[in-house]
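Have a look at the structure first.

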Amino acid sequence: MKDKNKKAESPLKINRRHFFSQLSVGIGSLALGSLLIPDLFKSDADTLGGLPLGIPHFAPKAKRVIYLFQSGAPSQLESFDYKPTLRKRMGEDLPDSIRQGQRLTGMTSGQKNFPLMPSFVDFKQYGNSGAYISDFFPHIAKIADDICIIRSMNTEAINHDPAITFLQTGSQQSGRPSMGSWMSYGLGNENKNLPSFVVLTSRGKGNSQGLYSKLWSSGFLDSKHQGVLMRSGKDPVLYLNDPDGLSRSDKRHLLDHVSSLNKLHHVETGDDEIESRIAQYEMAYRMQMSVPDVMDIKKEPESIIKLYGEDCQVPGTYAANALQARRLAENGVRFIQLYHQGWDQHGRLPTHMASQAKDVDQASAALVMDLKQRGMLEDTLVIWGGEFGRTNYCQGNFDPNNFGRDHHPRAFSIWMAGGGIKPGITYGETDEFGYNIIKDPVHVHDFHATIMHCLGLNHEKLTYKYQGRRFRLTDVAGNLVNDILT
Amino acid sequence: MVKFASKKRWADYIILGLFTFLIFCFVFENYIQLPSIVAWLGRWHPLVLHFPIVLLLLLIFLSLTKKRISHILFLIVTISTLITAISGFFLGLESPNKGDLLIKHQWLGISLAIVTTIWYWLHQYKFYNKLVLSGIKIILLFLIGFTGHFGGMITHGENFLAIPTNTENKIPENPIIYRDIVHNILDNNCISCHNPNKKKGGLLMTNFNALLKGGESGKSIIPNNPEQSELIKRLHLPIENEKHMPPEGKTPLTNNEIKILEQWILLGALDTLKLNDLDENTPLSISIKKMIRPEASNTWESLPKVTDKTIEALNTDYLTIKRIANGYDALSINCYLPPEYNPKPILDLLPIAKNIIELDLSGLPLERNEFEFLATCENLEHLELDNSTLTDAYFSKLKRLSKIKSLKVYSTKISDKSIDVLNSFENLTHLYIYNTEIDENGLKKLKVEKPSLFINKGISEAIYKSLELENDSISKKLP
């Protein structure tokens, strides 16, 4: 009886019982299939999704970075972006078709017109590559064949603080880890006696903007990845020296005891920051021995002093820091960040930029040449540049001998050298006004992704989970600039 | 009756289950890793695949001839098709890089299984739209043909069914140098003009005897004497020269190819010589290996295994050992000068000596023992000995380190006596020797042997001089 009923049913009329039995078969086979996927129900490892920290994801070209940050934003139009049209059309108003509604800072938004202002100095072509470099930088011109000039950098911020924070951390709002901290997190220390991220600052005579420790903060990463500011003068690292009367063995005893107490506390609370603190005490203990040695430039031969310029014997100058950067790089510091303040030329650009350029030109070139003769340019990435560009029109009175330029985020120039970057090329192009990028733009995120690639890190894989979300230096953006990679 | 109906139902469930499973597998292919027992099931694919081919063709034939199709046949066809597709999927997972063919075969195979199942269901639900059904049959015929053909190509080689011609030979593991290497080079570069049909210059290169016989300009090959062999002479002529071979406009031979021909002639131009008859380090053997595997740099794959524990144990405060990249046993080691130098941490590296690819010993007061250890690091590619106690005597111990690519010995006492050792590093590309006792004579010798070597002798005098020139043009211009 039952079967007869069944036969009479249309096969397309599925009753509840059929539905469930078929559903169970379907789900059953899905379940069977899912058995073939390992770790399906395991949550991802909190950090790297299985990739171990402290080791590059793939064989790196560069092992360390020296970032010569020109804080305040040097004018690209007086350094690496040659625009003869500006001379031809000098004094003419910036066409709206070029400005395209670009927002302006409060400093020039009130200006009635925007007269185009050509470069104060001439440009010449240098090296086999024929790269255009301005007369402000005669020494960098000598390394034209070792560097890759990018004229198509662009950023989103228009003021110093957000722009520099963006370049350093990948976000305009502060709170994210600095680039150097990410590298330290991803690659670990090369030399256990020195921090992996070191910061050196100097200041020129030009108009400068503030520098603050948030720029080298480790953000939500472990605090051991924070940049260590090394000061000029007698005490490069504050509070590193022992008070008088404390012997090294006393210090050792003290540290051992403190560390055992800290470990007890760690067992109680499970706070990982305690472990970092223990590690940092140990690091400081070893740094007491290593730092004075690394920072002592008296051992440098005369030829090197000559190369970097006499200034390098004066602690706290850019030249001294550049030389120091090489010494730190030799000693296995992963990320050495220099800041040279004073590039914010809203007025009196010719004089101020000349003095700024004089501060950094010789030492920057010297650093690249010095690294090269030591074979370190093979695996050290040197970066030179500011946080944004400057406008092609003049700020304030129109006076070709004494003018200023306002902030310009749409295009600026930087250069990179060594470690996985093609030497002797110029990449990217701006329009004839030097205002908009017309070829191969490089956004800050792309810049970060490319640097990480040189260091053997996949920018999409180096993540840290914080407050329920995984963060990256490049956040949700960033494309490799393949054309500049060797 | 009862029995049959429930059987049919069960069969439907099996088909539904297999079908779902198959779809699942393909959707989540990238996440699946087979346990070995399941992977083994995949090995049955070449066996079971014969069933659906035959039975499906039979089924289509029967239905085209309007014969009554028994349900059981339909059932067997559908199930065997699904099983074949699934087992094929398992088998496919075993190959790390799916080639073009395999991908085609895979997608055609899964389509075949899906269409067959659809046909089965349509049949079950008594769906008799003639157009749709014949469409399905045509698609199935087409799919069987191509899936089978691609599958055959995968197992038997792409040219298995091709009309026999002069097929390009794959170079075997232990090639006969004439047949597999030399002839191959000639075939790619010369034989288009020197064959029985063309025979330019009276020279035939298609077989060994003709090649030795030579052409109008005499013998092309003089065994043991490459310099006198016409073949080699012409390869070395400037490209504008009329006698240069291959003639202008055609691709010239690579340096490596020329080297192979030269070395082969030097060794007597034998047609029986095999690669393994040669010593591993003879130039011919090296060149041939370079030709067979252009990416020899991936020798990191064959390094002995090192565990993280070993690395951890050998690390000290002043010696850092790291894997060069995740998943490799290639190590990069940096040593720093501790307050009191002790060679032990370096000498302790002996068990992992073969894994060391990059080693930085710069600035250390190294002694004999360390250099003896260094001589065992045979896979070293980057070595930094700058500012160390390196001398010529120590350096001579390193002769065996033939894989070195980049060497930093600046600011040491190394002198011209070490030029021979430097010359023995076949793979050397970068050399840093500023502030050493190597002088112009030594450099000259080095440049003759290694014309493409990048040598850095430090920053030139010209640069130092240019530092003194003040840049007046700017300051004059300033307001």
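How many residues does the contact take from chain B and from chain A?

## The contact between the chains

It takes 47 residues from chain B and 49 residues from chain A, where two residues are in contact if their C-beta atoms, placed from the backbone, lie within 7 Å. On the chain B side that touches chain A, the elements giving two or more residues are helix 1 (2-27), strand 1 (319-323), strand 5 (406-408), strand 6 (430-432), helix 19 (461-468) and helix 20 (472-477). Helices (H or I, at least four residues) and strands (E, at least two) are DSSP runs, numbered from the N terminus. Helix 1 of chain B hands over the largest share of that side, nine residues.

Sorted by class, the side of chain B that touches chain A has 28 nonpolar, 14 polar and five charged residues. Here Ala, Val, Leu, Ile, Met, Phe, Trp, Tyr, Cys and Pro count as nonpolar, Asp, Glu, Lys and Arg as charged, and the others, Gly among them, as polar.

## About the model

This is a predicted model: local features need pLDDT of at least 70 and side-chain atom pairs count only at pLDDT 80 or more, while totals for chains, interfaces and linings use all residues. Residues are numbered from 1 along each chain as its sequence is written, and chains are lettered from A and ligands numbered from 1 in the order in which they are written.

B:Met245 and B:Pro246 are joined by a cis peptide bond, with omega about -10°. B:Pro246 sits in the loop between helix 10 (230-236) and helix 11 (255-266) of chain B.

Two non-glycine residues have positive phi: B:Ser411 near 55° and B:Asn435 near 60°. B:Ser411 is in the loop between strand 5 and helix 17 (419-424) of chain B, and B:Asn435 is in the loop between strand 6 and helix 18 (440-449) of chain B. B:Ser411 is buried, with 21 other C-beta atoms within 10 Å, whereas B:Asn435, with 17 C-beta neighbours inside 10 Å, is partly exposed. (Buried takes 20 or more other C-beta atoms within 10 Å of the residue's own, exposed 12 or fewer, partly exposed anything in between; C-beta atoms are placed from the backbone.)

Strand 2 (residues 331-335) of chain B is mostly covered, with five of its five residues buried. B:Leu331, B:Ile333 and B:Cys335 point one way, B:Ser332 and B:Asn334 the other. In a regular strand the side chains alternate between the two faces of the sheet.

Strand 2 of chain B pairs with strand 1 of chain B in the antiparallel sense over five bridges, and with strand 3 (residues 356-360) of chain B in the parallel sense over four; pairing takes at least two DSSP bridges between two strands. B:Leu331 is the bridge partner of B:Arg323 and also has B:Ile356 as a partner in strand 3 of chain B.
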